[in-house]
Amino acid sequence: MPKITFNPGNKKVEVRQGETILRAASRARIFIPQRCGGKGSCTMCKIHVKADSQVSSPKEVEKRMIGDLNLTGGMRLACQARVQGEVCVELPENKLKAAVRAQLERQGQEDEW
Ligand code: FES
């Protein structure tokens with residue numbers, strides 16, 4: 001049975017062959033933001049897959065929404081990428097968490113002065 005490893009957290013989830021990453025994450029209670037219900041139109045479910053991951057090739061809708069350059073860099077839409085074997089996913093950092101981390105880093109730099 002294929003498996004997805006979600007990072008950060010190194011959470012491993014067994015999935016069905018051909019299942020989308022978004023669906024698998026949802027079953028595993030891993031939150032990936034989305035607004036369009038998995039139709040490939042909101043681009044909120046962007047993730048990164050590691051280069052050696054076995055996922056379906058991007059279809060036209062995904063190419064149109066995120067572009068060839070991003071696809072080459074490993075970005076995929078979780079609602080469009082289907083699992084075909086072992087997959088390693090890097091989830092984007094939560095925006096609020098990123099803002100708090102950036103603020104703490106700035107404060108840390110100011111305290112050093
Ligand atoms: S859920 Fe909207 S593009 Fe994937």
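**Entry 1: the sheet**

I looked up Thr5 and found that its bridge partner in β5 is Cys88. I note that this is a predicted model, in which local features need pLDDT of at least 70, side-chain atom pairs count only at pLDDT 80 or more, and totals for chains, interfaces and linings use all residues. Residues are numbered from 1 along each chain as its sequence is written.

Strands β1 (residues 3-7) and β5 (residues 87-90) run parallel and are joined by 4 bridges. I count two strands as paired if DSSP finds at least two bridges between them. Strands (E, at least two residues) and helices (H or I, at least four) are DSSP runs, numbered from the N terminus.

I then traced the open sheet: 5 strands with mixed pairing, in the order β2-β1-β5-β3-β4. β2 (11-14) and β4 (75-77) are at the edges with a single partner strand each, so one side of each has no neighbour in the sheet. From one strand to the next, the twist averages 35°.

**Entry 2: a helix**

I found helix α2 (residues 60-72) lying across β3 (46-49) and β4, at about 165° to β4. Angles run from 0 to 180 degrees between N-to-C directions, with axes fitted to C-alpha atoms, for helices over the stretch in contact.

**Entry 3: Cys36**

Where is Cys36 placed? I found Cys36 in the loop between α1 (21-27) and β3. Cys36 counts as partly exposed because it has 13 C-beta neighbours inside 10 Å; buried needs 20 or more other C-beta atoms within 10 Å, exposed 12 or fewer, and partly exposed is in between, with C-beta atoms placed from the backbone.

Leaving aside neighbours within four places in sequence, Cys36 is in contact (C-beta atoms, placed from the backbone, within 7 Å) with Ser41 and Cys42.

Methods: Contact = placed C-beta atoms within 7 Å.
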